[in-house]
Amino acid sequence: MTGTPSGWRPPLLTRIDHVGIACRDLAVTIAFYESTFGLVVVSREVNEEQGVSEAMLHVADAPAGRSYVQLLEPLGPDTPVGRFLARHGEGIHHVGYGVTDISAALASIGATGVRLLDARPRHGSMGASIAFLHPKDVGGVLTELVQAAGPG
Ligand code: CMX
Ligand code: CO
C-alpha cells in the first residue's frame, strides 16, 4: 500500500514491550533463558496485586523503547497465572504492547467495544503503568498495554 489513507491516525501500539510466559518454577525458567538464549535479567519483582513473582529479561532496544521476555510464576493457584497453568500448562500467557498514553489508549480501545479488564492503569514491572484487555475480545489473546516509566 502506498500513500497515506484518509482518516489515518498514528497507531496506538508503538512496539512489542514484552511477551509474558507462564511457568511453574521461575528460577528454573530464568536459568533456561539465560543459558539457552543468553538473555539477562534486568528486574525481579513480586506483584501481589497481579498474583505473580516475575522476571524481566532484556531482549532489544527498539526505536520506540525496550522489549523484554516476562517470566511469570503464580503466587498461588487462585490467581490469573495459576488458573492459566492449571488449564493450559506452561506457555505464552499474554502479549504486552507499548503505548505512549495509556489512559488515552484505554478510552479509544474501550470505545470500540473491546472489554477493558482494567478501567484504570495499574502498577506493572519497573514502574510501568499497565492495563489488560479481555482475551475473548482480542481473538483469544490476553493483551496488555504498557506505558513505560520515564523516557521510552
Ligand atoms: N489467554 C487467552 N485466554 C485466556 C487466558 C489467557 N492468558 N486466560 C484465561 N483465558 C480464557 C480461558 O481459556 C477461558 O476461556 P473459556 O471460557 O472459553 O474456557 C476464559 O478466558 C476464562 O478463564 P478463567 O480460567 O476463568 O480465567 P480467569 O478467571 O483468570 O479470567 C482473565 C481470565 C483474562 C480475565 C484473567 O486472567 C485476568 O484478569 N488477567 C489479567 C491480569 C493478569 O493476567 N495478570 C498477570 C500478569 C501480570 C503482568 O503482566 O504484569
Ligand atoms: Co505482562
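A polar contact is a pair of N or O atoms within 3.5 Å; within protein, one must be able to donate a hydrogen and the other to accept it, and residues adjacent in sequence count only if both atoms are side-chain atoms.

The model is predicted, with local features needing pLDDT of at least 70, side-chain atom pairs pLDDT 80 or more, and totals for chains, interfaces and linings using all residues. Residues are numbered from 1 along each chain as written, chains are lettered from A and ligands numbered from 1 in the order written, and side-chain values use heavy atoms, without hydrogens and water.

**View 1. Polar contacts of ligand 1.** An oxygen atom of ligand 1 lies 2.5 Å from a side-chain N or O atom of Arg-87. For His-88 the corresponding distance is 3.5 Å. A polar side-chain atom of His-94 is 3.0 Å from an oxygen atom of the ligand.

**View 2. The shell around ligand 1.** The shell holds 19 residues (a heavy atom within 4 Å of the ligand), and Gln-50, Arg-83, Arg-87, His-93 and Lys-136 are the closest. Eight are nonpolar, six polar and five charged (Asp, Glu, Lys and Arg are charged; Ala, Val, Leu, Ile, Met, Phe, Trp, Tyr, Cys and Pro nonpolar; the others, with Gly, polar).

**View 3. The cobalt site.** His-18 (NE2), Gln-70 (OE1), His-94 (NE2) and Glu-144 (OE) coordinate the cobalt ion (ligand 2) at 2.1 Å (donors: N, O and S atoms within 2.8 Å of the metal, 3.2 Å for Na, K and Ca; water is not among the atoms, so sites may look incomplete). The donor spacing in sequence is H-x51-Q-x23-H-x49-E.
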